[in-house]
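I opened this entry to record what I looked up, one element at a time.

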Amino acid sequence: MADNREGKSILTLNHVTKRFSGLVAVNDLSLDMKERTIHALIGPNGAGKSTAINMITGLLPLTEGEIYHEDTKISGMNAHQIARTSCSRTFQNLKLYRSMTVKENLMMGNMTDRKQGFVPFLFDIKNANKEEKLMNEKADQILEFMGLKDLAGEYPANMPYGKQKLTELARSLMSDPRLLFLDEPAAGLNPSERVEFVNIMLKVFDSGIDIFLIEHNMDVIMNISNYITVINFGAKIAEGTPEEIQQDPVVIKAYLGDRYKQNMARGASNA
């Protein structure tokens with residue numbers, strides 16, 4: 001996919017560092033994500049990817065540096081405050097409510113977006129009912145969009161893992177994000193589930209939502225990303241388009257491996 005590096009910045013990290021006691025998990029990381037792109041962050045296990053996304057989304061405080069969503073400085077905000085800047089996310093480990101149906105899980109994803117506080121919601125029955133109706137309609141629309149309408153009344157534990165992943169993605173859309181963070185979205189999916197998830201993810205992107213993702217499946221990364229940042233031991237080692245990253249000797253040595261390079265060469269010769 002083509003990447004317009006001249007576009008407006010939607011996410012900017014300036015010299016971001018995270019230390020845990022004496023351990024440096026993320027070291028002086030800077031990146032600039034442009035709007036209308038799918039930007040991937042990749043690297044070996046333990047490279048600091050999840051730490052980075054947790055700092056961006058307010059789950060971990062920064063040790064040093066600054067993070068901006070568009071023109072808003074979000075470093076220093078908590079997760080709920082950042083969510084209100086039209087950011088949303090999914091997690092590597094599913095965070096679904098097992099005792100709630102698929103539709104009820106989606107409606108929980110809209111709780112931070114309520115126009116009323118909790119106490120007024122209890123006593124202002126008329127507006128509460130109106131807001132509840134709007135949430136129901138919104139959940140129905142997203143379930144239709146995601147191809148999950150028939151599973152609205154099902155419980156996550158009774159569904160295949162791929163459908164559970166789609167449910168969490170659907171819930172993340174309830175807050176009308178402009179920027180969506182996906183942490184290992186294809187992890188644990190079989191090949192057919194992975195194809196389905198990627199198609200839905202591209203559908204979400206085409207609807208106008210920019211995507212920042214962490215992912216280990218290189219077939220996913222190389223096929224859908226516009227731009228890739230590679231980190232190792234918490235520090236950035238490369239950045240560029242998928243084509244550039246696949247040819248980068250530092251990335252091949254640190255992460256992709258010679259076998260990946262050989263497979264790419266074999267694929268090119270068979271094309």
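The model I am reading is a predicted one.

**Overall.** I counted 10 helices and 10 strands in the protein chain. Of its 271 residues, 49% count as buried. When I took the contacts in the chain with a separation of 6 or more, residues 24 or more positions apart accounted for 69% of them.

**The four-stranded sheet.** In what order do the four strands of the open sheet lie? I read the order as β2-β1-β4-β5, with antiparallel pairing. Its edge strands are β2 and β5, each of which pairs on one side only. I then saw that α1 packs on this sheet and touches β1, β2 and β4, its direction making about 115° with that of β1.

Going through the pairs one by one, I found β1 and strand β2 (residues 23-34) joined in the antiparallel sense over eight bridges, and there Thr 12 stands opposite Asp 32 in β2. Strand β1 (residues 9-20) also pairs with strand β4 (residues 64-69), again in the antiparallel sense, over five bridges. The pairing of β4 with strand β5 (residues 72-73) is antiparallel and takes two bridges, with Lys 73 in β5 as the bridge partner of Tyr 68.

I also looked at the two hairpins. The hairpin of β1 and β2 has two residues between the strands, and Ser 21 takes a positive phi near 55° there. In the hairpin of β4 and β5, which has two residues between the strands, Glu 70 takes a positive phi near 55°.

How many of the eight residues of α1 are buried? I found seven, so that the helix is mostly covered, with buried taken as under 20% relative accessible area. The buried residues are Lys 49, Thr 51, Ala 52, Ile 53, Asn 54, Met 55 and Ile 56. After α1 comes Gly 58, whose phi is positive, near 85°.

Lys 49, in helix α1 (residues 49-56), held my attention as a charged residue that is buried yet has no salt bridge. The nearest side chain of opposite charge is that of Glu 184, at 5.1 Å, and the cut-off for a salt bridge is 4 Å between a side-chain nitrogen and a carboxyl oxygen. The side chain of Lys 49 does reach the backbone oxygen of Gly 43, at 3.0 Å. Not counting residues up to four places away in sequence, I listed Leu 41, Ile 42, Gly 43, Pro 44, Ile 214, His 216 and Ile 231 as the residues that Lys 49 touches.

**The six-stranded sheet.** I next read an open sheet of six strands in the order β6-β7-β8-β3-β9-β10, with mixed pairing. β6 (87-89) and β10 (235-240) stand at the edges, and because each has a single partner strand, one side of each is left without a neighbour in the sheet. From one strand to the next the twist averages 15°.

Is Ser 86 buried or exposed? I placed Ser 86 in the loop between α2 (79-83) and β6, and at 15% relative accessibility the residue counts as buried. Leaving aside neighbours within four places in sequence, I found Ser 86 in contact with His 69, Asp 176, Pro 177, Arg 178 and Leu 179.

Technical notes. Residues numbered from 1 in each chain as written. Predicted model: local features only at pLDDT ≥ 70, side-chain atom pairs only at ≥ 80, totals over all residues. Heavy atoms only, no water. Pairing = 2+ DSSP bridges. Axes fitted to C-alpha atoms, helices over the stretch in contact; angles between N-to-C directions. Buried < 20%, exposed > 50% of the residue type's maximum accessible area, 1.4 Å probe, protein only. Contact = heavy atoms within 4.5 Å. Lys, Arg positive; Asp, Glu negative; His and termini not counted. Polar contact = N/O pair within 3.5 Å; in protein donor to acceptor, adjacent residues only side chain to side chain.
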